Every structure is written in C-alpha cells, then in structure tokens.
Amino acid sequence: MSELSIFFGLLTVFVLAIFVGFEVISKVPTTLHTPLMSATNAIHGIVLVGAIIVTVKLLDPAHALATPLLTAITIVAVALGTINVVGGFAVTERMLQMFKKREPSKK
Amino acid sequence: MTAFVLLRLAEIAAIVLFFLGLHFLSSPATARFGNRLAALGMLIAIVAALAPSHGYGWWAILAGMVVGTVVGLYSALKVKMTAMPQMVALFNGAGGGAAAAVSTVQYLLWERAHNTGVPLDVLTDVSLVISAIIGAVSAAGSVIAFLKLQELMTGRPVTYRGQQFVNGIVALAIAGLAAWVMITLGVEPTWAYGVMVALALVLGVMFVLPIGGADMPVVISLLNSFTGLAVAITGFELRYNLLIIAGTLVGASGTMLTILMGKAMNRPLRNVLFGAFGASGGMDVAASKGGQQNIRSVTVDDVAVMLAFAHQVIIVPGYGMAVAQAQHSVRELADQLEKRSVTVKYAIHPVAGRMPGHMNVLLAEANVPYNQLYDMDDINPEFARTDVALVIGANDVTNPAARNVASSPIYGMPILDVDKAANVVVLKRSMRSGFAGIENPLYEDPKTAMLFGDAKASVDSLVSAVKAL
C-alpha cells in the first residue's frame, strides 16, 4: 500500500512537470531554439545524480554488493552523466557568448 | 533531521533554478544568465546527492567525474560552431547511456539481492526496464546522428526492402523480453535483460539509419526528449523527485521543439521517422542522373557590380556558410554594401543550417545586428522588392520545387521565395545537390547566376571587388 502511495506521489509530480515543461518552453523565440535544446540537453544530465546514488548504494560497505563489473558500470555511468552535464552547459555557454558580443555593436 | 531538511530544501532550490534558468533562456538578453542559473541548480543537485554518501565509493565517483569533466569540457570547447548539432547529439547520447547504465546496475544489484531471498518490487522493476530501453535507443541513435552529421558515414537515408518490418520485429522482441523481465521480477535468466538492452541499441541504430541528414535536427531534438523521458523514469526507479522533474521538463520541451521543427519543415513527425523522405528522395536522384543543364556561371566582378548598385539585397545564409566559416566575411560584405546605401537584410529559414537558430548564432558571432535578421514569414513578401537575393550555401530551403512540384520529396515545405527577387546569385561549392539529395530548379532559372567556390573565399573576393568599385 505505501509502495502504491509512493508511486502515485511520483506520478503526480511527473504529470505536473509535463505541463510546466510545455508552458516554459512554448514561449521561446526560434532564435534561441538551438541554445535551448543544448541547455535542456545539459539539464537531463541530472542523470548524473542517479549515477551517484547508485554508486553510493553499490559501494556501501554494509551491503557488500559490489563486483568489479558492477563497479565498472557505475564509473561509466558517472562519467557519461558528467560528460552530459559539463559538455552540455559549456557548449550552451559558448553559443550564448555569441549573442552577448552583439550588444556593443548595436549602439 | 536537520540534514534531511537541508537536503530536501537543496533539491527544491535546484528545481527552482532549473525552471528559472529555462525561463531566462527564453530571451536573448537574459539567456546567459539563465544557462548559469541552470548550471548552478545542477551543482546544488550534485552536492546534495554527494552529501549523504558517507564517502562510500568516493573514488569511483571521483574517477568517473574527472574523466567526464575532461572529455566533456574538452569537446565542448574544441568543437567548431558548425559541428555544434552533432556535439549536442553526442552529449545527449551520453545522457541516454548513463540512464541505461544506472538501470543496468540496479537490475544486476537486484538479481544479487534476489538470490539472497529479497524479492524485487514492481515499481523499480518496471521503471528500470523502460528507462534502460529508452536510454539505450537514445544513446545508439544519437551516435548514428553524430556519425551522419560529422560525415563519418553517409548522410543519405540508408534503406532496404522490408526495413520497417525488420524494425517492427526488433521492437516486438524488445517488448516481449521487457514483459518477461517485468512480470517475473528478476527470476528470469540474466541474458533476457542483456539481450533486451542489446536489441534496444540495435533499434536505436536502425531507427536513425533510414533518416536523411536534412531531417537530422528533428531527430536530435526527438532523441533529446527521449533521454529526458529515460531520466524521468530513472527517477521513478530511484524514487527521486529531482530526476523526475528535470527529466520530464526536458522530455516535454524536446517534444515541443520537435513538433515546432516538424511544422517549420512541413514534415509530420511520422514522415520523418518512417523515411518517406528517404525513399522518394532516392528515386528522384536516380531518375535525374543526367544532371542539371542551363546553369549560368558568373564572375566575382559581375556579382560585385550587381550588389553594389542594388537598392535592396537579401542575404540567404545556409549550411555552406557555416561550413566555410564565412559569417565574418558576410558581415564585412554587408558593411561595404551599406556604405553604398544598399539596404541589406538577412533571410533566416527556420531550418537553415542543421538546427533551428543555427544561422542566428553564427551571424551573432559575426556581430550582425539583430534587427537585420528576418524570419521566413516576414521576409518572403520582401523578395519581390529586392534586386539581388544572395544565397550563400543554402539549397533545399530555397528550392521552388517545394512549392510547385507535387512529386518532389520536399513538396509543401515552406521555403524562402528567393526566385521572386529580380536577380538571384547562388554561392555554391559545386553542383552537388543539397542535404536532402534533390535537385534545385532554382539554378536553371534564367535570372539565377552561380558563383562556384568555397563560400568564404567567394565572399572575401566579393568584398574586395566591391571595395575596388
């Protein structure tokens, strides 16, 4: 029963996030679509947090669950998540820098 | 207790920062601030995840993060602006791969736990299977999208007889294995899960292969939303709101963006995905192997005169300008023309280049004033009043066949009406057809003049020719 109520709690959050997501995005001008795609791409790098949680769970000495294979997969997961986050935000920053440079020339 | 409250508050702060970040990203003036807010949110989220870890597995996390930071930062800073779309595809693939890897660890962990008599719960079981499948499809698909755009493999649609049937069989096999793993809650043999993930990777490859390079922006956007969804479902698996919210946010925005792009190209998503484009495009190329006749090639000096004595010039940039990095030279040319009181406008097709906004970013880099850039709907009525339409490395988005040749694969796609201008000058590397692989009747139009060569070299010589006049 409590498992079920947890599920519905999560599902509620999920459904609400869908609506807010559409709402936030639909106001963006075409010009910013590429940086926006890149920024949202970086945000789903939040999977890194999932990778950290799983790594901690796996390597918790109290459970003694780790095997070399599992450890290797978690390291890969953390690395991929980090690439997503760091690369995503950095590339977005680079794109947006170009928008910034335009302002002085406008005067 | 205090720690618990602090961590929950930190997670809420991260969520707020993501939303505010996206909000500020919707306006050019505040976009950078928005990106930084989102990055700050991410930093808080990561710290909040690390804080309660008691340092377990710190070396594994550190190793992964160092490798990821070096690779991510290096590639983000080294990538050329032309290669941005495929870079985004790769980062997206990394996210999808991470989601699939997290689910795989969870699955293998459970399997070990199950052997010691601990049963699996339905929510974790179902969500890890779904997130692994979507993550794997997204990762493999993104890699193919990268290879296509980077021209490490053909950008043309790869099709064969019965392709959709084969894809359907693979999808069914994945669904069957997924059902097996879900229903038996980990009692099934491990290979069932392994084969399922392997087939999902195969499906990701096969689903992007038949899609032509011109449709790739739509596909990357779709894969971006896939990864978002995979991450959201990973959140169910871990019972972690932050992942659900951030992942869903991306899933929703990616879907929205995909729909907008599909609309701009008049290509319903169904057509993009099931390769109607590829099949008919291929036939078209074969049918007209004779090549285009009646091409009028002109010299730099001719074009310089045309431009310098025009009242209004509309510049139509495309992927060719991006490849040649010609945006600074284009700006210089525009400056020269404006000195001679020629009105210069830029016509930006929604899908010019390989991503929406691609041209805007490049022209912004070259300090082209924002108010000279016009969207398709605003600029199209202007062509009739324009003396010269200068097409720099754009092809399919100017193809009049989209308007009047019902058999053309791009029929119905909104285009820039460059052929309405009094004169059309096309800067092009060669007579190779555009990314969609179809011929452009614009080039046979008697008022069209072709200037062959690298876009940057051509524009540079135009600049000096105009100066010399």
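Me: Which residues are linked with Arg403(B) in a network of salt bridges?
Reply: Asp417(B), Asp419(B) and Lys420(B) are linked with Arg403(B) in that network. A salt bridge here is a side-chain nitrogen of Lys or Arg within 4 Å of a carboxyl oxygen of Asp or Glu. This is a predicted model, where local features need pLDDT of at least 70 and side-chain atom pairs count only at pLDDT 80 or more, while totals for chains, interfaces and linings use all residues. Residues are numbered from 1 along each chain as its sequence is written, chains are lettered from A and ligands numbered from 1 in the order in which they are written, and side-chain values use heavy atoms, with hydrogens and water left out.

Me: How many salt bridges over all chains?
Reply: The count is 11. One of them pairs Glu93(A) with Arg32(B) at 3.2 Å, N to O. Glu93(A) is in helix 4 (residues 68–106) of chain A and Arg32(B) is in helix 2 (residues 31–50) of chain B, so this pair joins two chains. Helices (H or I, at least four residues) and strands (E, at least two) are DSSP runs, numbered from the N terminus.

Me: Are Glu93(A) and Arg32(B) buried or exposed?
Reply: Both Glu93(A) and Arg32(B) are buried. Buried means under 20% relative accessible area, exposed over 50%, and partly exposed in between, with a 1.4 Å probe and protein chains only.

Me: What does Lys345(B) meet in a salt bridge?
Reply: Its partner is Glu382(B), at 2.9 Å from N to O. Glu382(B) lies in the loop between helix 16 (376–379) and strand 4 (388–392) of chain B, and Lys345(B) in strand 2 (residues 343–348) of chain B, so the pair ties together parts 37 residues apart in sequence. Glu382(B) is buried at 14% relative accessible area, and Lys345(B) is buried at 13%.

Me: Which residues do ring pairs link into a cluster?
Reply: Phe7(A), Phe8(A), Phe14(A) and Phe236(B).

Me: Now the sheet. What is the strand order?
Reply: The order is 3-2-1-4-5-6 in chain B, an open sheet of six strands with parallel pairing. Two strands pair if DSSP finds at least two bridges between them. The edge strands, each pairing on one side only, are strand 3 (373–375) and strand 6 (448–452) of chain B.

Me: How many bridges join strand 1 to strand 2 of chain B?
Reply: Four, and strand 1 (residues 312–317) runs parallel to strand 2. Val313(B) has Val344(B) in strand 2 of chain B as its bridge partner.

Notes: Rings of Phe, Tyr and Trp (its six-membered ring) pair if their centres lie within 6.5 Å; planes under 30 degrees apart count as stacked, over 60 as edge-to-face and the rest as tilted.
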